[in-house]
Amino acid sequence: MQKNTKDDIKVIESISLDSNDQKSVTNNDGLNSEVVSLIDNDNNAIVKKSFKQILKQFLVFLCFSLGAGLIEISSFSIIILFGNVIVADVVSVVLSCLFNFTLNRKYTFKSVNNIYLGMVLYGLFYLVFTPLGALFIDFLVKAGVNEFLAKAIKMIINFVLDFLYCKFVIFKVKAPKTKEIITSDSESDKKVEL
């Protein structure tokens, strides 16, 4: 691996690290080796860390969504015996949403944002998606698709949209505070935020 110099790394706009990984620059000849190795250890260390975090979050979300899916399918299967497809879908979605929101807020996204605002945003998503999803299932069933296959198709679409909405709207994590470090070189002083 090639050793980077201050000429190779001119400006680093911002690096956000958690409290365990915060580094400081104490020398005057550019970035210290700890920061350089953090930035350039495989040329994409920061990107890889972000990808791993997102993948882990997605897998945890997937596990909770599978649990919510079992709740949704089970309740749908019972309710459809006594009602129509739309009623069965709406009630089953409400039950799975309660399960999914609670666990994903606490364990997947570890959100400390206002719970009531999160519930309102989640409710608004499902206020729009649930009737559309129920109509979509009804349309598929009238077109000859099995009720459970139609429900499964809608659940897969819901899973993808729900993850994106939760990650980027409801439980959007605010940027951590940064530390500012000033490094010097012969041209001018450079600010590096850690």
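Colleague: At what angle do H3 and helix H5 pack?

Modeller: This is a predicted model, in which local features need pLDDT of at least 70, side-chain atom pairs count only at pLDDT 80 or more, and totals for chains, interfaces and linings use all residues. Residues are numbered from 1 along each chain as its sequence is written, and side-chain values use heavy atoms, with hydrogens and water left out. Axes are lines fitted to C-alpha atoms, for helices over the stretch in contact, and angles run from 0 to 180 degrees between N-to-C directions. The axes of H3 and H5 (residues 147-170) lie 12 Å apart, and the packing angle is about 35°.

Colleague: How do the residues of the contact of H3 with H5 divide into nonpolar, polar and charged?

Modeller: Contact means heavy atoms within 4.5 Å. Ala, Val, Leu, Ile, Met, Phe, Trp, Tyr, Cys and Pro count as nonpolar, Asp, Glu, Lys and Arg as charged, and the others, Gly among them, as polar. The division is 4 nonpolar, 2 polar and 5 charged.

Colleague: Is Ser96 buried or exposed, and what is its relative accessible area?

Modeller: Ser96 is placed in helix H3, helices being DSSP runs of H or I with at least four residues and strands runs of E with at least two, numbered from the N terminus. Leaving aside residues up to four places away in sequence, Ser96 touches Ala68, Ile71 and Glu72. Buried means under 20% relative accessible area, exposed over 50%, and partly exposed in between (1.4 Å probe, protein chains only). Ser96 is buried, at a relative accessible area of 5%.

Colleague: Which residue caps the N-terminal end of H3?

Modeller: H3 spans residues 85-108. The cap is formed by a side-chain oxygen 3.2 Å from the backbone nitrogen of Ile86, and the capping residue is Asn84.

Colleague: Which pattern does the chain follow, read along the sequence?

Modeller: The chain has 5 helices and 2 strands. Of its 194 residues, 36% count as buried. Along the sequence, the pattern is α-α-α-α-α-β-β.

Note on methods
Polar contact = N/O pair within 3.5 Å; in protein donor to acceptor, adjacent residues only side chain to side chain.
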